[in-house]
Amino acid sequence: MDTRAVLIDEGLKALLSHGYEGAGIGPILKSAGVPKGSFYHFFASKEEFASAVLASYCNNNQKVRTQLLLEDKTRSPLRRLRDYFEYYEKEYGSGDPTCGCLLGNLSQSIAAHSEVLQRELHRSFTAWQDDFRAVLREARDAGELPEYLDPDETAAFLIDAYEGALVRMKAEGSIKPLQRFSTMTLDGLLAQKA
């Protein structure tokens, strides 16, 4: 058994379900079937543990972004962006929508109080934005992106708006805000104007 991986997996569930403040190390250890000493063998503190969980979460998201946004160049850039949002809409729709996104959850609850997590969150949002920017630049070069939209600023806006939709999804317990986000951005803002 990879004890560290099991702890990170259980930590992700706890952080998504209970937030940073509500995720106790004791219940995580119990769920993982790991003794307390093993936890401190891998992590010096809860903050370091949360940072490792966040890094793992973001690495998994990076793999999805790479596959859906950057690898298959036979699909148009905006089609790949739509595929990305549809993928996550299905993911959130098949699970508990009140859990939300770990980046948004930690940004709201602990980022202002932890330089370690703030740095990891910044790194994660920057990587996400870089991938969106790359696809939007392709879209601009292919004539798919309205010329008045700057790819850099549009990438940042999409993440800002999407995280807002995820917060509202948590509050409503429904993926309707994600559907509204897609309609307004992909069918509205990013639609090529004649």
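**Briefing: helix α7 and the α4/α5 pair**

The buried residues of α7 pack against α1 (3–22), α4, α5, α6 (102–109) and α8 (151–172). Here, buried means under 20% relative accessible area, exposed means over 50% and partly exposed is in between, with a 1.4 Å probe and protein chains only. Keep in mind that this is a predicted model: local features need pLDDT of at least 70, side-chain atom pairs count only at pLDDT 80 or more, and totals for chains, interfaces and linings use all residues. Residues are numbered from 1 along each chain as its sequence is written, and side-chain values use heavy atoms, with hydrogens and water left out.

**Helix α7**

- Helices are DSSP runs (H or I, at least four residues), numbered from the N terminus.
- α7 covers residues 115–141, and its 27 residues should span 39 Å at 1.5 Å a residue, which agrees with the 38 Å between its end C-alpha atoms. The expected span is 1.5 Å times one less than the number of residues.
- The buried set in α7 includes Leu117, Leu121, Trp128, Asp131, Phe132 and Leu136.
- Just past the end of α7, glycine 143 has a positive phi of about 80 degrees.

**How α4 and α5 cross**

- The two axes come within 8 Å and cross at roughly 135 degrees. Axes are lines fitted to C-alpha atoms, for helices over the stretch in contact, with angles from 0 to 180 degrees between N-to-C directions.
- That makes α4 and α5 oblique to each other; the labels are roughly parallel under 35 degrees, roughly antiparallel over 145, roughly perpendicular from 65 to 115, and oblique for the rest.
- On the α4 side, the contact (heavy atoms within 4.5 Å) includes Tyr57, Asn61, Arg65 and Leu68, and on the α5 side Arg80, Asp83, Tyr84 and Tyr88 are among the residues involved.
- By class, this contact has ten nonpolar, one polar and three charged residues. Ala, Val, Leu, Ile, Met, Phe, Trp, Tyr, Cys and Pro count as nonpolar, Asp, Glu, Lys and Arg as charged, and the others, Gly among them, as polar.

**Two arginines**

- Arginine 65 sits in helix α4 and is buried, at a relative accessible area of 4%.
- Leaving out residues up to four places away in sequence, arginine 65 touches Leu70, Tyr84, Ala127, Trp128 and Asp131.
- Arginine 75 is in the loop between α4 (46–71) and α5 (77–94), and is partly exposed at 35%.
- Beyond its neighbours within four places in sequence, arginine 75 contacts Arg80 and Asp83.
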